[in-house]
Amino acid sequence: MRYFHVTKAKFAILANGINYRFYTDLVEQNIMDEKPFLEFDISEIKEQQIEELKKFHKSYFDINNIISSASELKYT
């Protein structure tokens, strides 16, 4: 959380190579949320999770679109 706070990053990804957790600052600006908006296990990845991951690809990257999706995912 501290690294997130001292940078201008809008997203944080915590991973151990199998489990991936994506965070942002929806609750309070510049403070990483306690709960991830996207979480998956690489050995059991689902099609919908792949679609969300595509948004991070350079060709599709749109920060506003990702934040909007993050907000929807966090509360569903």
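Lysine 55 is buried, its relative accessible area coming to 18%. For that label, buried means under 20% relative accessible area, exposed means over 50%, and partly exposed is in between, using a 1.4 Å probe and protein chains only. Keep in mind that this is a predicted model, where local features need pLDDT of at least 70, side-chain atom pairs count only at pLDDT 80 or more, and totals for chains, interfaces and linings use all residues. Residues are numbered from 1 along each chain as its sequence is written, and side-chain values use heavy atoms, with hydrogens and water left out.

Where does lysine 55 lie? Its place is the loop between α2 (47-54) and α3 (63-74). Helices here are DSSP runs of H or I with at least four residues, strands are runs of E with at least two, and both are numbered from the N terminus. Leaving aside residues up to four places away in sequence, lysine 55 touches Tyr60, Phe61, Asp62, Asn65, Ile66 and Ser69; a contact means heavy atoms within 4.5 Å.

The side chains of lysine 55 and glutamate 52 are joined by a polar contact of 3.1 Å. That term covers a pair of N or O atoms within 3.5 Å; within protein, one must be able to donate a hydrogen and the other to accept it, and residues adjacent in sequence count only if both atoms are side-chain atoms. Lysine 55 and glutamate 52 also form a salt bridge, and glutamate 52 is buried too, at 13% relative accessible area.

**Salt bridges**

How many salt bridges does the structure hold? There are four, a salt bridge being a side-chain nitrogen of Lys or Arg within 4 Å of a carboxyl oxygen of Asp or Glu. Three of them, including the one just mentioned, go in the table.

| Glutamate 39 | Arginine 21 | 3.0 Å |

Glutamate 39 forms its salt bridge with arginine 21. This pair links distant parts of the chain, with glutamate 39 in strand β3 (residues 38-41) and arginine 21 in strand β2 (residues 19-23), 18 residues apart. Glutamate 39 is partly exposed at 43% relative accessible area, and arginine 21 is partly exposed at 37%.

Glutamate 51 and lysine 54 are a helix pair: they sit three residues apart in helix α2, so about one helical turn separates them. Glutamate 51 is partly exposed, with a relative accessible area of 36%, and lysine 54 is partly exposed at 39%.

Strand β1 (residues 12-15) and β2 run antiparallel, joined by four bridges; two strands pair if DSSP finds at least two bridges between them. Across from alanine 12 stands tyrosine 23 in β2. The hairpin has three residues between the strands, and glycine 17 takes a positive phi near 95° there.

**Lysine 10**

Is lysine 10 buried or partly exposed? It counts as partly exposed, at 23% relative accessibility. Its side chain makes a polar contact of 3.1 Å with the side chain of aspartate 25.

Not counting residues up to four places away in sequence, lysine 10 touches Phe4, Tyr23, Thr24, Asp25, Ile63 and Ile67. Lysine 10 and lysine 74 are 64 residues apart in sequence, and their C-alpha atoms are 15 Å apart in space.
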